[in-house]
Amino acid sequence: MLAGACAGTALAAQTDTAHVESITGETLRRAGGTRLSDVLPLVTAWPVSTVDGFTWQAAPPGGSPFTPARTLVLVDGRRVEADLFGRLDLDRLGIPLDRIARVEFIELPRLVAGRITTQGTVDIHTLEPEPGTSAYAWYASGTEIGDPGPFAFTPAGGENVDRLGYDVAAGAVHAAGSWFASAGFTSSERIPTDPAIAGRYRAALGPVPRLESTALSLDAGLRTTASRHRFSLRHARQDGVLWLTPLGTEVGIRERVTEVGFAGATPVGSERELFWDLDHTAGRISPRGMEARPRVEWETATTEGRVELVQRRGQLSTAGFRLRRLTARAPDPVSRPTISLVTAYAELTLGRERATAPVVAAALTGGDGETGLAAVASRTWTLAGRSTLETFIAYERAVAAEDTDIWAWTERGYRLFENAGAQFEIIGERRGSERISGDVRWSLRAGRRVRLVGRGFYRRDRRLAVERARLHFVPGGESFEGPVALVHGAGGDLVGGGVEFELSAVRTLIVKGSWWYGAPLRGDTLYREARAAMPHHGVWMTSEWVPVAGLELWLSGLWRSASRWAAFEPVEAETGGRYRSEVGEALVLDLAIAKRLWDGRLGIQAAVRNLLGADLRYHPAGATFAPTAVVRIEASLP
Amino acid sequence: MKALHTSSLAAVRYRSAPARWRRLVPALLCVLVAPAPTATAQQRPAPFETLDLSIELLADIQQARLQRHWSPGPALGLGLAFPFYLGNIELGVQLSRPSARQVSLPDFSSLFVYVGWSGTRKLGRRLQAQAGLRAGIVGLSFDVDTIPAFRQYEREPAVTARGGLRWTPRDTWFTEAAVAWHSVFTEPRIEQIFLSAGVGRRFRTPTWLRDFLD
C-alpha cells in the first residue's frame, strides 16, 4: 500500500532458493496494473492471451493450451474457483489490488494445497496489515491512441478505437495487535470499441457495449499465541461476455460470484502444525444483452475443504486430505449435477538435511468411480560456486470428473451448444488425461546482487481432449461459424527451457530478464495445432527503479514469437487477410512513472503501454493494442 | 445535421512530419543535460524549492492536415515548473479553439493537460536556454449536437518537444520565447508547430507545498 511504499526505496529481490516467480503487489501497481488479471502479463515465462483485450489468460510454457485450462488458483493457500467453463479469469475473484501482498507463479511440480501439478499454479497472498487504521482510494483511466479526433468530420475520418473506461477502488483496514479486518470495493468499466471486436460486441450487447465489473471484499485475520486464522468473504458481479469457439462469437452474460473462505493453522506439539481451510463458491450466470443471442443460464456451487499436518522433523513432512464437491444446475438438468472427490496426499523427505534431501510426494484422488494419481520426486544438489541443481520427475493422471470446461458439461447434458444451433461433435470418450514430466533447474547466486537460472523441461501428454475447429466468417454479425469438434485421445511430447537473470546492483534498482522456449517434439496433428497457438519463444526484461523515495519508475520489454491458429485458416482466406490465422511476433515496451505526494498520502502514476506502437494482438479474432496512456490517482490515510 | 464530408476540397501537398524537429530536440536535450561549465552546483535550487508560474501566448505556424480544415487560432498556455532531482518538472494546460474553414465542419475546443520535464543551460548571467518534453492528454470538445453525447468529447495522448530561451531581467520576473513541436496521437496525427512568447514569475515554494510535493 502507499504508506508502505513510502517507507524507503529498497526493493525486494527474489529469494535465493525460490523456484517460484513472485510478483509483489507493489510491483504490480508500479507496472501500471489496475486489476488483478494485469499480473498475468508480468510473469516472465508464462505466455498470455486475450480476446477482449481486458481479461488475460495464461499458462506456463510447459502448461496446457488444451481444454480445459488446468491452472490452479489459490488465495492464501485456499483453492478458489477462478475459471468459468475452463477459462481462467482472475478478476472474478474480486480481490482488491491493494490487498495483494504478492502473487506466486509455480510451474515446477510440487505439492501445493493438496495438489501436484505442472499445469501452473497461481498462489495469491493477501496483505497482513500493520497495526492501526488506514484507508485507500484510487481511480485510473486511460485512452488508446488512434481515434480520428476532429478528422472524423472530414472525408478522411475513421472509427474510434478502444477507450479504456475506468477502474476505481476504495477500502479500509483496521489492525490491532492480534487481529485485523479489511473491507474493499472495486469497480471498473471497459469500452470495447476496437474495430477488431466492436462488431461482435455490438451484436452481443447492443449499440453501446460496456463491460462492467463490481466487487466487494471483506477479510479478517486473528492471531493468538500460537494459532492464526483467516476469513474472507467476496462478492463479484461481472457484466461481460463469454467467448466459446463453437458459438463463433461472444454472448453477453451477467455473472455473480460469491466466495466465503476460512483458513487456519494451529501447532500440534512442538514439531507439528495443523493447517485447515474451507472454501465455498457460488456462481450464477444469467443472460445479458441481445435477446436473439444464445442464452447462458448456469449455476454452480463448489465446496472444498482441506486438513493438512506439517512436520518440521522426520521423514513424513506433510500429510493431508481434501474434499471437493461441485454442484451444477442448468435449465435442462445435467446428467451428473453433483461431483464429489476425495484426495489423500503426503510428502516424504528422505534424509536429514531437508534442503538437499530427496523429496517424494503423492496425491491420490478418488470419486465418481475414477481414481487419479499425481506423484513427484525431486532432489536438490549443492554444487561448487554457490550454485544448486534441482531435478524433478512427475506423473499426473487427472480425474475426468474434475473437468469443468464447457465441453465436459456438454457431455454431462448441458445443452447450450444444441440450443444455440452450433455445429459441433464430440469424438471419443473422456478419460482422465495423463502426463509425465521431467524438469531440471540450475541456479547460481553470484554475490548478493546477481542471480542466474537455467532450466529445461520435458512433458509427455496422453489422452488429452483437444478442440478441433475450422471456422468460417459470417459477415452479418462479424462472427464465425463452423464445425467444431472435441476430440479425445490426443497426445504429444513437448520440450523446452529457458534462462533467467536478476540483477540488483543497487538497492533501489532491480533488473530481471528471461528467455524461454517450448515446442513440440512429437505428437499427433491436433496436439501440434494446439501447441502452435502458443508462442514458442519469448524474451522478457523488466526494470524497477526507485531513485528517491516517492519516485518510482517501471520499464518492461517483451518479445514473443508468432503463433498460428489453424481454426482461423479458412477465415483468413474468406476475409482477404482481415482476420489472420497467424498472430505475429511483437516487441512491446511499457513504461510507468509514479510520484508520491504529501508523505505518500497521495500518488499519481502515468503509464504508457506498447510505447513502440507494435502491431500487437494475442488472438486472431482479438483486440489490437495500440499505444495506450493510463493515468492513476490514488490517496491513502494516514 | 450538416453534411460531414466535403468532396470539393482542393488537393494540398503536405509536408511530411517535421522530422528535423524530432532530430533536433533530442540533441538539444543532450546538450542541456550535459554538465554546464558555467553552472555550479550551489546555484541550482533543491527539488521543489522554487516555483515558476508562467503564462504564454502561442501561434501555430504549421501547414498540415489540421490547418487545411481548421484555422488553429491562438492558444493560451499556463504553466508551473519546479526544480526536480534532475532538470525541472512542469505541469500545465494549453487551451485553443480552432475554427472550421468549411461550414460542414464543427469548431472545437482543445485542452492539453500535461506533465513535462526540461533541462536548462545558462547562456549568460540573465539568459538561459531550455528544452524539454511534455506528455499529456488532449481533450477535444466538438461544437456539434447532432451526434451522440459520448462522441462530442474525445481525448487522446499528445506529446510536445519544446526548446526556448528565457531572459530574467529582474530576479523574479522572466520572459520566454519558445518553439514547440506538438503532436496529438489521433489517426491521422494532429501536428502543430508553435511559436510562443510569455512572461512568468519565480516564487519560493511555500513550505506546505514543498512538503506536499517532496
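Reader: In S11(A), which residue is the bridge partner of A:Ile100?

Author: This is a predicted model, and the pairing is read from it. Strand S8 of chain A covers residues 100-106, and six bridges join S8(A) to strand S11 of chain A, residues 121-126. The two strands run antiparallel. In S11(A), the partner of A:Ile100 is A:Thr126.

Reader: Which residue of S8(A) is the bridge partner of A:Thr24?

Author: Strand S1 of chain A spans residues 21-24 and runs antiparallel to S8(A), with four bridges between them. A:Thr24 has its bridge partner in S8(A), and that residue is A:Arg102.

Reader: How many helices and strands does chain A have, and how many does chain B have?

Author: In chain B, the order along the sequence is α-β-α-β-β-β-β-β-β-α-β-β-β-α. Chain B has four helices and 10 strands. For chain A, the secondary structure comes to seven helices and 38 strands.

Reader: Why does the radius of gyration of chain A agree with a compact globule?

Author: The C-alpha atoms of chain A fill a box of roughly 75 × 60 × 45 Å along the principal axes. A compact globule with 638 residues would have a radius of gyration near 26 Å. Chain A agrees with this because its own value is 24 Å.

Reader: What percentage of residues is buried in chain A, and what percentage in chain B?

Author: A residue counts as buried if 20 or more other C-beta atoms lie within 10 Å of its own. Of the 214 residues in chain B, 32% are buried. Of the 638 residues in chain A, the buried part is 48%.

Reader: Among contacts in chain A between residues at least 6 apart in sequence, what percentage join residues at least 24 apart?

Author: In chain B, residues 24 or more positions apart account for 61% of the contacts with a separation of 6 or more. For chain A, among contacts between residues at least 6 apart, those joining residues at least 24 apart come to 65%.

Reader: Which element gives the most to the side of chain B that touches chain A?

Author: In total, 25 residues of chain B are in contact with 19 residues of chain A. Strands S6 (108-122), S7 (127-142) and S8 (153-167) and helix H4 (207-213) of chain B each supply at least two residues of that side. With four residues, the element that gives the most is S8(B).

Notes
Residues are numbered from 1 along each chain as its sequence is written. Chains are lettered from A and ligands numbered from 1 in the order in which they are written. This is a predicted model: local features need pLDDT of at least 70, side-chain atom pairs count only at pLDDT 80 or more; totals for chains, interfaces and linings use all residues. Two residues are in contact if their C-beta atoms, placed from the backbone, lie within 7 Å. Two strands pair if DSSP finds at least two bridges between them. The radius of gyration is taken over C-alpha atoms; the globule rule is 2.2 Å times the number of residues to the power 0.38. A residue is buried if 20 or more other C-beta atoms lie within 10 Å of its own, exposed if 12 or fewer, and partly exposed in between; C-beta atoms are placed from the backbone.
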